[in-house]
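Hello,

Please find the structure below.

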Amino acid sequence: MADFVSSNPLIESVDDEDLQPGVADLRSPHLSLSSAVASDVNVSPNSPKRSMHPSLRHHSTPLVDYIRQASHHGGLSTEASKQLKEADGLLRRGRHAEAISCLELSLLTSNPDSSLQCLLWRLLGNAQLSLGQYKKASICFLHHLAFCRELNDFEGVTKAECNLGISYMKLGMLKLAGRCFLQYLENSRVLQDNMGIAKALSNLGVLSKTLAARAYEAALNDSNSSNENGDANLKRAIAYFEQHLEIVEQHGDLEKQARVYGNLGSCHEMARQYPQAMFCHGKRLEIVRMTSDWRSECYALCNLGNCCRANQKYAEALEYYTTNLELSRSMDNTAGEVASLLNLGATCELLGRTKRLSNGTLCI
C-alpha cells in the first residue's frame, strides 16, 4: 500500500484480516482458521489408553469428527480408518506433510463411495492449503466441489466455493477468486448462514482491497493510467468491511471487530482519508486493550503513527511510535522494536526538517 510517499520510507504494519475459509479443518500457519476445537478421539473402556502429549489431550483438529462421520458411510475400510486416525495425530502435532500422505493413501484404499471421496478431498484440500500448496489445494477443492454437486450437497458446495476462492486468490487468480467469493456470499444468504455471510464479506473486502492496491501501483508506474479503477475497488472494499462489521458487532465478537476496524482503517489510509482512518485504528486499539491482545495493539499503535505522520502530525506520530517501541520491548517483539525504531528515526528526521523550514534555514 503506497499511501505515503517520502524519501524516508514508512514502515508498514497493517494487520489485515486473513481470508476466512468455509471449512476449517486445520490450524494453519498461513490462514487464521476460526473453527471450534473438536474433542479428542473417544476410547472405549476396554481399549488400552494411548500415550498422548499433554498439550494434545484437550485440543485437536475437527478431523476426529470426520473419522466418526466417515465410519458411518460403510465405505471406510480398516486400512482407511487407520490412515485417517494416523493423519489426525500428525495434524495435531503440526506434521501436515506426513498427514497428507496418509490422506492420499486413504483415497487409494477406501471404497469408491462418493460421500467418503468428497470428505477425503475436502480434508486433503485443507491440508494442502495449510502448507501453502495453493495449486494442489485448488485441485483438491475442485474435486470436493464436483462430489458435492453429485451428492446435491448445497452446503458443501458453498464451503467448497469459499475454499476454492482462497486458493485462487493465493495463486493471484483474483477474477476467479472473486467469482467464488460472490457465489459463496449468494449461497450463504440462501442458507441464511450469518457467519458464512460474514466470512464471504470479509474475503470480498480483502480481495477488493488487494485489487485497489494493484490498480494504484499500476497507475503510479504508468503516467497514462488513472486511479479510477483503484478508487472503485477501494470503495467496494470499504462497503464489504462495513457490512462485515455490522454482523460481528451483532454477535459481540470483539476479536473480529478489532480486525475489521483494522482493515477499514487501512482502506481509509489508502484513500488518504486520515480522520476516518484514525477513528478506525483508534477503535481497534480500544478493543485490543480490552482483550489484552498485545500484538494487535502494536499494529494499531503503528498504524495510528502512520496516519499522523502521513498527515504531517509528527509530534503525535512520535508518541504512538514510542508507545509501540515500549510495548514491543516489554513483549520481546524484535520485529516490532525494529519497525518502531525505524519509524521513530524517519519521523524525527521529518520533524527536524519542518523545524528548520520554520526557521528559514532550509529550503526544500
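The crossing of α8 and α9 is left-handed (the near helix is turned anticlockwise from the far one by less than a right angle). This is a predicted model, where local features need pLDDT of at least 70 and side-chain atom pairs pLDDT 80 or more, while totals for chains, interfaces and linings use all residues. Numbering starts from 1 along each chain as its sequence is written, and side-chain values use heavy atoms, without hydrogens and water.

Helix α8 and helix α9 (residues 228-250) pack at about 155 degrees, their axes 7 Å apart. They are therefore roughly antiparallel (over 145 degrees). Their contact holds 14 nonpolar, 10 polar and three charged residues.

Helix α6 (residues 154-170) packs against α8 (residues 194-221) at an angle of about 20 degrees, with axes 12 Å apart. That makes α6 roughly parallel to α8 (under 35 degrees). α6 also passes α8 in a left-handed crossing. On the α6 side, Cys162, Ile166 and Met169 meet Asn203, Val206, Leu207 and Thr210 of α8 (contact means heavy atoms within 4.5 Å). By class, this contact has five nonpolar, two polar and no charged residues.

Regards

Note on methods:
Axes are lines fitted to C-alpha atoms, for helices over the stretch in contact, and angles run from 0 to 180 degrees between N-to-C directions. Helices (H or I, at least four residues) and strands (E, at least two) are DSSP runs, numbered from the N terminus. Angles under 35 degrees count as roughly parallel, over 145 as roughly antiparallel, 65 to 115 as roughly perpendicular and the rest as oblique. Ala, Val, Leu, Ile, Met, Phe, Trp, Tyr, Cys and Pro count as nonpolar, Asp, Glu, Lys and Arg as charged, and the others, Gly among them, as polar.
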